[in-house]
Amino acid sequence: MTPEEHRTLDLLKLDYTVHRGAIWSDTKAHVSMHNSKTYEYLLRGLDRATRSHYTSVPGAVIYGDDGSGKTHQLRQLRMHTTERNGFFIQFDADSSGEFETAVLRSYHESLTKRINQDQSQLHAFLQQFFSLISVPEPDKMPVLDGAPTPEAVEAIVDAACAKFNELDDISRDAIRVLCLRTSDSNKDRVVADAWLSARGARRRGERTKWMIDTAQHSARDTVLAIARVLALCGPTLFAIDQVDSLVKEFKGQVNEADRDRSRRRLSDLANGLMNFNEYSPRTFTVVSCLPSSWVQLQAFGVKSMDGRFDSARRLDASLTKDAARAIVAAHIDSCFAGSGCKPEWPTWPVAKEAFDTADGMKPRELLRAIADHVHSCLDLGEFTPLTSFRATSTPAPEPAAQPEHPESISQRFAELLEAADIYDLIDPATEDSSIPEVLVEALGCFGIEKGIDILALPRYAPRHCGVHVEVKVGERRLALRAVADSKGMKFKGRLNWLTEQSGMAEEDGAEAVLIRTSDTPLMTRASVAAVDLFKRGGGRMVQADHHDLRVFAALKALRNEAPSGLRAWLAKARPAGSTRLMQEIFDEHGGQPPPIAPPTLDLPVAVSDKQISFGALEDGDDAAIDLEALRKHVAVFAGSGSGKTVLLRRLIEETALRGVSSIVLDPNNDLARLKLPWPSSPSGWTASDHGKADEYFKAVEVVVWTPRVEKGRPISFQPLPDFGAVLDDADELSAALDTAVATLAPRAKVDGTGEKQEQGQAVLREGLSHYARRGGLGLDGYLQLLAEFPADVVAGLEKAPEIARRMAQNLEASRINDSLFGGSNPALDPGELLTPSNGRRARISVVSLVGLPDTQQRQNFVNQLQMALFAWIKRHPAAGRPLGGLFVMDEAQTFAPAGAMTPCTGSTLALASQARKYGLGLVFATQAPRGIHNQITGNCATQLFGYLNSPTQIAAVKEMVSAKQAKTLTSTSLNSGEFYLRAEGRQLRKVAAPMCLSYHPPSALTAEEVIALSRE
């Protein structure tokens, strides 16, 4: 290599990745022939903003794969904006905090960025502004020279008001602050920065000196004032780049609390973006992201073609040979500019024949290949031209085969299956951004299992048509589209797009498969007609069950981990091929349902101890009963000061240490502290309790849920039971229908005993039975059924359709008025409450009722929770485990009283009578033994009696035991923490309950403290 060649190669510093900071540096390496239509589209948007002056313009979305040039397009647009005397604001999507605060910070930081060696955007704006309003030289120079004075600034404000009499107070303050921000004095800049950060009336004295209002303004008002002032001079380009990290963070969260926080950040970004684009004058907003991120943003509310954003444009990542040559020449020319070097040809060191290999490559791939070649030449000390962009080196020898560990892979798969989160796969709002990736991975596993080549790629569609997966197997081509929502034009549009993209009408071997991820039947005529047309055209519709989706999610996670021996394990275990869904997709049984049922995997109990202790007996022995005995439920009757709460907490803690998760109702704010350790060891702890407490806080997670409190950890459930779980049992189906009618009747205004009310209840029940037997799930589908009620569902009631329509209206009104009754928040899978995070032995879900002050609100919510829980345990029984979970209800007399029926009495009694056979234990605690329903008492095999001082309640307790035992039961003589224990088949015995392992001070938590704990 000659010295000249070495020097020339050393000058080739190719910028093949445009980082965020590089947007602010100019470049000449722009080629108009690549993605020119998209760039022209962006220029038209900027032109609209230039002409709009005081109004907003529709924003733009550009999306594309990594390396397709998204950030490069923004850099070129920033340069063009600057040339047009406009302003560029780069939004930091990774910023924490509220959207408006992040926007304000972005304005602040971007205006201080230098756009050339001489000045920042702020100085450029002020120069334009001063010329526009004709500021005299003596007034503007102090500001431009970094020494503003109050007199000069006020002269500028007066000139601005004379030119623009529409300026309001906060806009005039914005002018003052922007002038003050140029000061060389740190004291002055601090005053300006405080106002620009909307930090309230800080430095009141200094603000008064500069005539700046001392009132506190919101971040939104501050942003709007700055935007209005900038709009006086030119357009603003507001760029949101690199949102992909937020989406990746959201999709990668495992912990539900972290997932909720990520979900709120994305939702805040989407909602804020829509609002900002509407109120910002003369501002052109551009969102740049990956295709999957754009799908996710749409799911959270960023919609095209609604007046605020135009339809999204996709960047073409692949280059033609001519475009590749032009890009390489432009970048190389930029590197050599001003160096005095003159290479032998425009694309040196890339040979002409190299561009024959460039078709289909991305710009980033080309430039990186050149950079790698340059480094190789410098390392070897020998120059050779680059003749191919494709790697042609001899492949490295394959690594020696690693030993396979099928047992460890099977165990890991079982763990991933147990932890699989399919919420996003079945939620209509997010399935487009999540299920295609899962399908692609599952199809890859299926190909390995079958020993065939399967090519599966997600294909992104415009607007509301969503995402489908294109699959190629030999000559066979399938287009797969998963959909949960089946209503209206959106469903029809997605189905039409699937039909069109599949090519099944024109091509041999082309197929279209619609995958339903929801059990809700097709209720609207438009949806039914669309599916019929789809099927007549040759399309197929298959139903995905939750188990299959969990298998797919677990396989995706397993492939990401890539353990040694995975391919051999897949070929042997065939987890993907064993799913009903995969078999139906490939029609492996000639159109008949697959003969196999999905397997169930049960994890072992985390510890070997199969007993639970209620404390010490009078003779010092342990009052222990089998863990499995808790399936037959526990009742605790004790008054205030008895130590009832401590007993409940210790029972919950001990079962959690044995791997049993709990759902705990907390009506009095004294159970949320289950997640807090003692500040110092309490009196009453034994020597072993210190070790137990350490193990408890290490192995058990406690999550506090706050229904109807959005700033906490909100939670809601379906207002209807999952009928699919009880269709095979006539008695349980009848009980579920009874519960559902009791839930809906008050809201439908038919809960009385009159003629109209009884007819209404009959229509409710028969409609529900019809809906259940058709596979209905959820309130939406049932309301559609009532609105279009078939006349033959209730024989003998001529006015049944009219009654049904009226009830549908009442139920819809109730849903609008009560967010917990089928509102906009997605219903939670009860399994989330009982499933610990990876590495934890058990989860305790404390459901605080601080957001439900009204008794009926509490009863309605508990009813929905219990219906969902009953359906879940039927589908997920404890199987070989002694106890699958624990449901703890304090103040049980409030939810299932002995008198009139409440909204949750029916579901409580159903759980009490049926839950045991599925492995769910119930714990009922009350201060009023006579106040609780007698069927609950009769279903509790283990009972504890604590301190009571009411003669009526003491008499009620004595009636529950034999006459002989009643003589020994003296509740008024018990101390706090002492109880009489009656276990099945055992005599009444007195026990001293141990102190709980978690912190329990005398006073309960405040509502604010509970909410704070829920956010941790």
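Visitor: Which residue in β10 is the bridge partner of Arg-516?
Guide: The bridge partner of Arg-516 in β10 is Gln-543. Before going on, please note that this is a predicted model, in which local features need pLDDT of at least 70 and side-chain atom pairs count only at pLDDT 80 or more, while totals for chains, interfaces and linings use all residues. Residues are numbered from 1 along each chain as its sequence is written, and side-chain values use heavy atoms, with hydrogens and water left out.

Visitor: How many bridges are there between β9 and β10, and in what sense do they pair?
Guide: β9 and strand β10, residues 540-543, pair in the parallel sense over 4 bridges. Strands here are DSSP runs of E with at least two residues, helices are runs of H or I with at least four, and both are numbered from the N terminus; two strands pair if DSSP finds at least two bridges between them.

Visitor: And what about β8 and β9?
Guide: Strand β8, residues 476-483, pairs with β9 in the parallel sense over 7 bridges, and Leu-480 stands opposite Val-513 in β9.

Visitor: Is β9 covered on one face or on both?
Guide: Both faces are covered, with Ala-510, Ala-512, Leu-514 and Arg-516 buried on one side and Glu-511, Val-513 and Ile-515 buried on the other. Buried means under 20% relative accessible area, exposed means over 50%, and partly exposed lies in between, using a 1.4 Å probe and protein chains only. In a regular strand the side chains alternate between the two faces of the sheet.

Visitor: New topic: what is the strand order in the open sheet of 5 strands?
Guide: The order is β2-β3-β4-β1-β5, with parallel pairing. β2 (87-92) and β5 (313-314) stand at the edges with a single partner strand each, so one side of each has no neighbour in the sheet.

Visitor: Which residue in β3 does Gln-90 stand opposite?
Guide: Gln-90 stands opposite Ala-239, and 6 bridges join β2 to β3, residues 236-241, the two strands running parallel.

Visitor: Now Lys-140, is that buried or exposed?
Guide: Lys-140, found in helix α6 (residues 137-144), is buried because its relative accessible area is 18%. Leaving aside residues up to four places away in sequence, Lys-140 touches Phe-130 and Val-135, where contact means heavy atoms within 4.5 Å.

Visitor: Last one, where does Ser-819 lie?
Guide: Ser-819 lies in the loop between α30 (800-817) and α31 (831-834), and counts as partly exposed because its relative accessibility is 34%.
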